[in-house]
Amino acid sequence: MSAWLEHPLLAAAGVRHGFGLRTSPALPGVRRPVQVHGATVVRADSGAALGEADAVLATRPGVAVGVVTADCVPVLVAAGGAVVAVHAGWRGLAAGVIPRALEALAEAAPGAAPVAAVGPCIGACCYEVDAPVLGALRLRFGAALEGALRPARPGHALLDLAALAREALLTAGLAPGRVGLLAGACTRCDAARFHSFRRDGASAGRLLSWIEATIAAPWPRRRHLSTRALRASAPACSAPSSGPRSRPSPTTSSPSSRWATRASPTPSSRRPTRRCSPTSS
Ligand SMILES: [Zn+2]
């Protein structure tokens, strides 16, 4: 098994990154904040301690930033050489951590078109939430929340956190073709690859997701994106086709079929950038 999951959208942009697996090695050089399920964004370019935050930004080439998750959503975004790693559970999504992170990224790389990947998290198959959670999310997302919900017992709903993170990215202005996610990669269902708090409780491990700032690359800027190009690539964001609490198909919707994996685990500005052929998100 390769050490990290890599998303083709970020790889095609030459962005070093990885979504962790149970087997991924520790990367002590990755700058991580103390996560508190909030919406604070911290910048990691200096060596100063990062403190409490749920999004961490870097603009200096070679600086790698990351977050850890065990059912929450890791989101990695790059723009013009700057990068931000976001930890987004339901509290962070309700607090607006994704728009806050994108605002910080836009300040760091003005005019650059961001590209984002939503990593493995608990799926709607396994994530039942109650009315207070739904109320908090509805304040942030309004009617758009309904698209991320599946039927459940009265007073509850099954929540698709990845779909909601994608909604937050689109609402913040990202083009649909520049937001990738992994349908059917449920951290609770897939015990072979992922840690899960809901499955393993307090003893659950954590998955590291990281992304490395690079020298500003000739990525497309907003004003240069053609309308046709923006429409061309619909993200792989389909909801599970079967009913509530069903498990994703291990054959027809294999996560690995849409994700590249790689064995090289060390973020470093000294290594040459590996280019992957662009594929769908
Ligand atoms: Zn599941």
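Reply: Start with Ala58, which sits opposite Val83 of strand E7. That's one spot where E4 (residues 55–58) and E7 (residues 82–88) meet: the two pair antiparallel over 4 bridges. Pairing takes at least two DSSP bridges between strands; the strands (E, at least two residues) and helices (H or I, at least four) are DSSP runs, numbered from the N terminus. Bear in mind that this is a predicted model: local features need pLDDT of at least 70, side-chain atom pairs count only at pLDDT 80 or more, and totals for chains, interfaces and linings use all residues. Numbering starts from 1 along each chain as its sequence is written.

Zooming out, E4 and E7 belong to an open sheet of 6 strands with mixed pairing, ordered E3-E4-E7-E6-E8-E12. E3 (41–43) and E12 (179–181) are the edges; each has a single partner strand, so one side of each has no neighbour in the sheet. Ignoring direction, neighbouring strands here are turned by 15° against each other on average. Now the helices. H3 (residues 97–108) packs on the sheet, touching E3, E4, E6 (73–79) and E7, and its direction makes about 170° with that of E7. H5 (residues 161–171) lies across E6, E7, E8 (115–118) and E12, at about 175° to E12. Contact means C-beta atoms, placed from the backbone, within 7 Å. The axes are lines fitted to C-alpha atoms, for helices over the stretch in contact, with angles from 0 to 180 degrees between N-to-C directions. For context, the protein chain has 8 helices and 14 strands.

How values were computed:
Contact = placed C-beta atoms within 7 Å.
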